[in-house]
Amino acid sequence: MEHLKVASLDGTYCLKWESLPQISSKQKGCLIYSRKKNVIQAVAVPIAPAPLDSAEERKRLSEKYGFRQIGEPLPDNVTMRDITESLPKKVFEIDDGKALKSVLISVTSYTLGLFMIAKAPWYLLPLAWAWTGTAVTGFFVIGHDCAHKSFSKNKLLEDIVGTLAFLPLIYPYEPWRFKHDRHHAKTNMLHEDTAWQPVWKEEFDSVPALRKAIILGYGPIRPWMSVAHWWLCHFNLSKFRPNEIDRVKISLGCVFAFMAIGWPLIIWKTGIIGWIKFWLMPWLGYHFWMSTFTMVHHTAPHIPFKTSDEWNAAQAQLNGTVHCDYPSWIEILCHDINVHIPHHISPRIPSYNLRAAHQSLQENWGKYLNEASWNWRLMKTILTVCHVYDKERNYVAFDEVVPEEAQPITFLKKVMPDYA
């Protein structure tokens with residue numbers, strides 16, 4: 001018996017004839033076969049997402065997901081060395097003058113933010129908090145460069161500056177550095193990447209009591225989920241290797257000292273309300289950017305997580321990282337951290353050289369790059385689609401897995417604008 005299989009993907013149906021007899025070249029103009037009657041059986045079968053080899057398909061998905069460009073798949077034979085060696089040598093050069101300039105930008109903008117908070121009427125405080133939270137994110141980027149040894153030629157100075165830059169965020173420098181190094185080594189590798197991981201369906205099904213929390217965490221409150229990552233991943237000594245423990249303890253000691261001295265001083269001078277105004281709200285603003293930048297850098301329906309035996313470093317770093325343009329004031333205060341693809345090609349590139357490195361990548365590897373401008377559709381796609389891991393589809397949304405419990409996701413789909 002011959003079968004006609006009907007496969008559906010995003011409302012598109014593909015017809016597949018199976019076991020049809022061979023048809024001569026003269027008969028290929030039509031599918032008429034008269035020797036015997038055939039029973040045609042329609043069977044719905046799942047198929048994988050359409051491949052990205054087609055320019056038309058990439059354009060369609062770009063518009064659907066809020067991207068400016070979705071890159072072609074990188075050939076398997078391209079290596080990280082091929083890409084790195086295509087970059088000009090000057091982008092790896094450390095310039096202490098430019099590093100000092102980035103520190104001055106962050107200190108000045110943060111000081112201005114604190115002044116704005118002190119002087120602003122209550123109805124302008126959200127603007128002051130947004131500015132100050134973005135400014136203190138610049139401190140994080142400076143510490144980030146120090147951790148990658150791309151800030152200064154003096155390596156001891158890098159560790160001192162990195163530790164101090166992280167203190168206003170009460171982020172322990174060395175624990176973060178160790179975890180972040182693994183993120184770069186295993187970007188978008190299942191189980192191994194220390195940044196975002198998709199939800200595992202088996203775990204999701206096994207803890208029904210926590211489903212609501214997981215749905216909220218990967219949905220409406222995802223732009224602040226770095227708070228949970230900060231707490232769960234950086235203060236537990238058991239999560240670090242024996243040779244890392246001493247440096248981890250030093251960083252934790254610095255953070256606890258800042259909390260023990262800095263917080264009481266703020267409260268003594270300004271009260272609990274002052275602590276909320278001057279520290280907590282900018283800190284939450286920083287975590288909004290920390291979460292948003294990180295998920296935009298590596299999360300999209302077309303960007304796969306792969307197991308270690310399937311993972312390809314060049315594809316993960318070049319094809320699996322997103323360049324996203326933000327308003328210029330955010331780019332300046334955050335030291336171009338969202339010019340992110342060259343940073344994953346080589347973390348040794350200082351932040352002040354990322355734009356030159358990205359221009360080189362565009363010239364040599366441009367057709368493989370994922371690029372976007374920060375927009376509502378991009379965020380809506382991440383928050384409402386990129387949830388549960390699926391090998392064939394990359395992600396399955398919560399409202400498809402558990403529609404009766406996914407009200408936060410359906411709410412986001414209704415209320416979030418779809419502008420790109």
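Predicted model: local features only at pLDDT ≥ 70, side-chain atom pairs only at ≥ 80, totals over all residues.
**Aromatic pairs.** I looked up the ring pairs, and the structure holds 32 of them. I picked out tryptophan 224 with phenylalanine 288: ring centres 5.5 Å apart, planes at 50°. That angle lies between the 30 and 60 degree cut-offs, so I logged the pair as tilted. Next I checked where the partners sit. Tryptophan 224 is in the loop between helix H8 (211–217) and helix H9 (226–234), while phenylalanine 288 belongs to helix H10 (residues 245–298). The two are 64 residues apart, so I noted a link between distant parts of the chain. Is tryptophan 224 buried, exposed or partly exposed? Its relative accessibility is 38%, so I put it down as partly exposed.

**Cluster.** I also found Trp230, Trp231, Phe235, Phe256, Trp263, Trp275, Trp279 and Trp283 forming one aromatic cluster.

**Charges over rings.** I turned to the arginines here. Arginine 222 has its charged end over the ring of tryptophan 196, 4.5 Å from the centre. Arginine 211 lies over the face of phenylalanine 204, with 5.5 Å to the ring centre.

**Second largest pocket.** I got a volume of about 1100 Å³ for this one. Its lining has 41 residues, and Thr194, Ala195, Trp196, His229 and Cys233 are the closest to the pocket centre. Trp196 had already turned up in my notes as the ring under arginine 222. Which helix gives the largest share of the lining? It's H10, with seven residues. Helix H4 (125–147), helix H6 (173–185), helix H7 (201–206), H8 and H9 are also among those supplying at least two residues each. By type, I have the lining down as 23 nonpolar, 15 polar and three charged residues.

Key. Residues numbered from 1 in each chain as written. Heavy atoms only, no water. Phe/Tyr/Trp six-rings, centres within 6.5 Å; stacked < 30°, edge-to-face > 60°. Helix = DSSP H or I, 4+ residues; strand = E, 2+ residues; numbered from the N terminus. Buried < 20%, exposed > 50% of the residue type's maximum accessible area, 1.4 Å probe, protein only. Lys NZ or Arg CZ within 6 Å of the ring centre and 35° of its normal. 1 Å grid on protein atoms, 1.4 Å probe; cavity = no way out; pocket = protein on both sides within 12 Å on 5 of 7 lines; lining within 4 Å. Points joined across faces, edges and corners; volume = space filled by probe spheres on them. Nonpolar A, V, L, I, M, F, W, Y, C, P; charged D, E, K, R; others polar.
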